[in-house]
Amino acid sequence: MSLVRPISQTILAIAFAFFVASIFILLHHSSPLEVYGALYQYGLGSWFSFSNTLNAAFPLILTGLSASIAFMSGVVNLGQHGQFLWGALVCAVLGVYLKLPSWLGIPALAVLGGLSGAAWAGLAAFFKRKYKMDEFISTLMLNFLAEYMTLYLATYPFLDPKAYVPSTRLIRREYFMTNIFDVNVAFFVALFMVFLCWWFVWRTWRGYEARMMGYNKLFATVGGCDVETDTTLVLLLTGFLSGLAGALLILNGTQHRFTKGIGANFGWDGVMIAIMANNGLFQTLFYALFIGFLKNGAVGMEFETSVPSEFVLFLQSIIVLTLVGTRSGLVSLTDWLRAKRELGKLVK
Amino acid sequence: MLVEMIDICKVYPPNVVALKHVDFSLERGEIHALVGENGAGKSTLMKILSGVVKPSFGEIRVNGQRVQINSPVVAARLGIGMVHQELALVGSLRAYENVVLGSEPSRFGLFQPQKSSQMVKELADKFGLKIDVNAITQELSIAGRQKIEILKQLYRNVDILILDEPTAALTPQESEELFDEMFKLRDRGKTIVFVSHKLDEVLRVSDRITVLRRGEKIATVKNDGNIDAVRLAEMMVGKTIRTTSVKKRRPVGHPVLVVKDLTLISKTSGKKLLDGVNLTVHAGEVVGIAGVEGNGQKELIEVLIGLRKPTSGRIEISGEDVTSFGPRQRRPLMAYVPQDRKNVGLALKATIMENLIMTHHMNPPLKKKWLLDRNVAKSFATQLIRDFEIVCRGPFERVQNLSGGNQQKVVVAREVSLNRRLIVLDQPTRGLDVASTQYLRDQMIALRDSDKAVLLVSADLDELMDLSDRIYVMRSGHIVAELDPQVVDKTVVGYHMLGVSA
């Protein structure tokens with residue numbers, strides 16, 4: 001019963017977004033049916049399209065998870081981008097120089113990438129504990145530092161001299177992660193992380209404290225929760241998730257190296273997904289897949305119609321707006337209707 | 001009839017029915033008391049009259065004319081003004097500046113301080129309000145600031161003055177002064193609506209009394225000596241009620257909470273918020289803290305729970321020095337019912353179960369290494385819901401759906417079931433209806449009888465007098481008196497609160 005309402009709201013909001021977007025497609029003198037047809041064909045229509053959608057979604061699942069867990073705990077980690085970049089860079093560099101058998105090397109690199117992200121978020125946690133610095137500012141600013149520091153490292157010390165754009169050398173072949181029926185193993189890792197995080201949030205006492213802290217920090221503090229450690233832990237965990245996303249993109253993506261501008265939007269998309277998902281973990285999974293579908297389908301849309309793939313960014317924005325708007329709009333609408341009915345009972 | 005409100009209904013979205021077919025009228029030059037429990041609809045009715053809230057149904061007539069009061073500005077034009085419970089004044093301005101703020105006398109666009117001050121002083125004199133109009137607002141007492149609000153309305157020429165629970169934060173002496181001023185206003189032709197649930201005050205000052213219960217008007221009666229507090233209380237609650245707790249004196253045990261020379265100096269203002277506070281609470285006694293709000297009670301509680309570190313002094317609980325402890329380390333030693341249940345005592349969006357297991361979650365059987373045992377949590381919550389008679393649909397309902405009384409029961413159930421030797425309660429009955437208040441008072445007596453040390457901070461002097469074995473009076477961060485409620489009466493406590501000798 002409690003599921004019916006959010007699901008119907010979601011469907012309504014997405015339908016409304018597509019409707020609004022179709023007006024703009026018409027203004028562009030294209031046919032919405034054709035455009036959406038192509039989007040579907042290339043995003044979901046065949047096993048090939050579907051598996052590509054899953055592959056496009058795995059970094060989004062992880063960065064979305066990172067933002068959702070942070071926000072639900074009242075910890076404003078906006079540093080997914082920077083944590084992602086460090087995860088990717090450390091993995092890419094170690095992937096060139098570290099010599100391990102693949103069964104050990106791949107997990108080790110993934111974990112080390114995650115730990116790099118955690119360490120970067122850990123800086124914000126340290127500033128918070130030591131200097132009471134708001135993580136909202138520190139994680140945001142650390143993004144810029146991460147961006148230029150990783151770019152420097154990829155441009156000078158670890159540059160692949162044969163590359164046209166600043167990038168590191170290709171990681172060792174034995175670290176390339178495989179696919180299962182065209183689906184990246186990284187996707188299954190991301191899925192596993194969703195369940196692991198769900199277990200942390202809903203089954204452990206630290207997860208309980210984190211959630212209560214998100215509801216009401218003063219309540220948690222007075223109730224005896226270990227809010228300082230909880231906050232640090234959440235920052236480390238969410239940093240790890242973003243870093244892991246970066247590492248997996250190196251190990252299981254298409255490039256297998258760190259290049260300038262890698263994973264351009266995964267960090268911010270994660271924040272956006274968390275907002276759409278209202279910080280719910282399984283909702284995060286759903287919206288990450290949905291955004292993955294849009295991104296993947298956009299390629300086909302550009303192929304088949306004259307609508308540029310950037311249009312998907314526009315569509316995304318409309319969906320976020322209508323989703324958030326419809327959600328609160330529907331709530332106040334139903335509230336208003338109930339109030340009307342109640343008054344009707346009163347005055348006959 | 002000056003004002004007629006006819007058949008007023010109000011439904012707050014989604015489905016909170018605040019008023020059901022309420023008729024209310026005001027005559028020129030009367031003091032009309034509006035009484036009822038919390039949630040009876042008093043505030044809503046007056047907010048409708050003063051234009052803050054729109055009615056869902058019904059009509060309002062002023063001087064026989066049908067009117068739409070869409071905003072406080074319209075209300076002011078019709079001569080209706082309200083003094084809210086939370087005073088909205090600019091603290092750094094002088095009293096007269098606050099009065100004229102918004103419609104200042106000016107000449108060529110320049111503010112005229114002298115003229116304003118003079119006008120406000122004349123106004124105060126005319127209506128017999130004793131106040132220094134040139135005082136800085138934040139340096140005035142609550143009673144003084146309330147006078148500014150009243151002057152503010154008079155300055156705008158209102159005929160109908162609505163006072164929403166004006167005596168809630170006043171001492172008995174200040175209340176008396178307010179009543180005198182209300183009589184003077186009435187004698188000069190003003191009409192006053194006195195919203196209150198203090199029945200003795202209502203009976204003392206009002207000409208007519210309207211009783212609301214759960215959004216319905218029960219009656220409007222003339223206060224002509226044929227009505228008494230018991231009858232009024234029955235109308236308010238709808239049944240016969242017991243008003244005092246049965247109190248038996250018991251011998252006290254060893255000291256549980258010992259506070260020595262506790263001083264807290266504000267880091268921002270350098271002001272001494274707590275100044276050498278000494279107090280002791282023994283096992284098996286209820287110790288009350290009385291005082292006008294803002295005299296250090298809030299800070300004392302914050303230091304006791306560990307939210308603020310004292311500048312100097314020492315706190316011992318059950319013989320252990322906890323001065324340097326934070327809330328987490330103090331919780332194994334004490335239970336705490338905070339004043340602000342919505343912002344401190346509860347997480348409103350969380351479930352009843354999640355709220356009930358707070359603090360309990362730090363120990364077995366709930367905590368099992370890394371995990372929180374969901375089954376134990378559920379049976380624990382179900383048990384508490386049954387034991388404390390929390391009216392709800394089950395442990396997974398959100399706390400925000402509960403009534404105020406049941407929300408407070410969630411807090412009390414959690415804290416009492418911690419079974420600590422010390423329990424600190426800060427205004428536990430504020431904003432609760434009569435039945436819930438009685439329930440809580442019984443709980444406190446039961447705690448005392450089971451040999452717990454109970455520290456009770458309350459603004460309700462009657463409650464303190466009824467429940468406490470000893471009362472400390474706080475003023476300006478000091479403990480100024482330690483009194484025995486069996487020996488002294490309420491007015492003596494009031495004198496100590498104000499700092500005038502009896």
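A crossing of two helices is called left-handed if the near helix is turned anticlockwise from the far one by less than a right angle, and right-handed if clockwise. The model is predicted, so that local features need pLDDT of at least 70 and side-chain atom pairs count only at pLDDT 80 or more, while totals for chains, interfaces and linings use all residues. Residues are numbered from 1 along each chain as its sequence is written, chains are lettered from A in the order in which they are written, and side-chain values use heavy atoms, with hydrogens and water left out.

**Exercise 1.** Describe how helix 3 of chain A passes helix 12 of chain A.

Solution. Helices here are DSSP runs (H or I, at least four residues), numbered from the N terminus. Begin with the axes, which are lines fitted to C-alpha atoms over the stretch in contact, with angles from 0 to 180 degrees between N-to-C directions: those of helix 3 (residues 47–72) and helix 12 of chain A come within 7 Å and cross at roughly 140°. Helix 3 of chain A is therefore oblique to helix 12 of chain A, since angles under 35 degrees count as roughly parallel, over 145 as roughly antiparallel, 65 to 115 as roughly perpendicular and the rest as oblique. Lastly, the crossing of helix 3 of chain A with helix 12 of chain A is right-handed.

**Exercise 2.** Determine how helix 4 and helix 6 of chain A are placed relative to each other.

Solution. Helix 4 (residues 80–97) and helix 6 (residues 135–155) of chain A pack at an angle of about 20°, with their axes 8 Å apart, and they are therefore roughly parallel to each other. Their crossing is left-handed. In the contact (heavy atoms within 4.5 Å), residues of helix 4 including W86(A) and L89(A) meet residues of helix 6, among them M149(A) and L153(A).

Notes: Helix = DSSP H or I, 4+ residues; strand = E, 2+ residues; numbered from the N terminus.
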